[in-house]
Amino acid sequence: MGFLDTLLLCEISKERKMVRLSRFNPSERKRKSMLILEHRIQEAIESNAESLDLSALQLNEIPETILQLKQLKSLTIAGNYIKKLPSFLAELPNLIHLDISNNQLSDTKNLRVITTLLTLQTLNLSKNNLKGVPKSINQLTQLTDIDLSYNDIRRLSNSIGQLTNLQRLKLRANKIKRLPLLVTNLKNLTVLDCAYNGLTILPDTVGQMLNLILLDLTANRLTKVPSSIGELKKLTELKVGGNVLIELPCSIGELSNLQVIDLSSTKLKSLPDAFEKLQNLNSIDYSNNALDYFPASILNLTNLTEL
């Protein structure tokens, strides 16, 4: 093996002024990860830090030494190999942000420890192997953001509809066929991302989520959109491409703030005349469709720049 093949490339960390080796064998990588782990926790203890990032350190478990950081408000443990959450996590009563994305969590019951963290505002559990979330999730009444994307979730409990402060709910790339009916109780929701699931129907009361700005339903199995969608006056982006839609409700013309609509890869053959009311629309994607014609009134949409 030549010199260039064995040379370890070093990169200086801008934040911590640490040297990180970018090429080494697995045992050396593990040793370096443990050194970085110890350094970050010790540094956080000494500085009385409110934020701790333990991402991508090959961790199999969360170190108990973080309990020395009672003032911790933000904990990021993304990109590790954690399969189980420890009960002592409940002893961090001031956590506001928790990111455990891209790990190996699969036990729904084990997530109950998270529901004791009553001050949580943002929770990222994306890219795990979760089949669901515990009903006790409704105890996290301060949550504004929850990301459950890229899991194996097939069903959500109605208890999620009790998170009335929730503003962003991300369920992308799961196996959900129906949303819980009470999800429409989330009156403060601005972003609902349900793309790449198996949704066959939407709650008829979807129009109750009056603060929705983005609704992403890409690549599901929807055959129709409820007429109540016309009540979403604040909606600026609607994505329904990749479904089996045959028609759109006339009420879609009531979406006065709509700017972007994705209708690609559906079975639509025509658009309702009500489209002429969408005066703020600037982009329509209708690629890979069977549309026979557009209403002539679409030519009156002066803000339309992408068709």
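## Salt bridges and the parallel sheet

Asp152 is buried, with a relative accessible area of 16%; buried means under 20% relative accessible area, exposed over 50%, and partly exposed in between (1.4 Å probe, protein chains only). The model is predicted, and local features need pLDDT of at least 70, side-chain atom pairs count only at pLDDT 80 or more, and totals for chains, interfaces and linings use all residues. Residues are numbered from 1 along each chain as its sequence is written, and side-chain values use heavy atoms, with hydrogens and water left out.

Asp152 takes part in a salt bridge with Lys131 (3.5 Å, N to O). A salt bridge here is a side-chain nitrogen of Lys or Arg within 4 Å of a carboxyl oxygen of Asp or Glu. Lys131 lies in the loop between β6 (122–124) and β7 (145–147), and Asp152 in the loop between β7 and β8 (168–170), so this pair ties together parts that are 21 residues apart in sequence. Helices (H or I, at least four residues) and strands (E, at least two) are DSSP runs, numbered from the N terminus. Lys131 has 45% relative accessibility and counts as partly exposed.

Arg154 also forms a salt bridge with Asp152. Lys131, Asp152, Arg154 and Lys175 are linked in a network of such bridges.

Another salt bridge joins Arg172 to Asp216. This pair links distant parts of the chain, with Arg172 in the loop between β8 and β9 (191–193) and Asp216 in strand β10 (residues 214–216), 44 residues apart. Asp216 is buried, at a relative accessible area of 5%. By the rule used, the count comes to 11 salt bridges, including these:

| Arg154 | Asp152 | 4.0 Å |

Two strands pair if DSSP finds at least two bridges between them.

Strands β11 (residues 237–239) and β12 (residues 260–262) run parallel and are joined by 3 bridges. Leu238 has Ile261 in β12 as its bridge partner.
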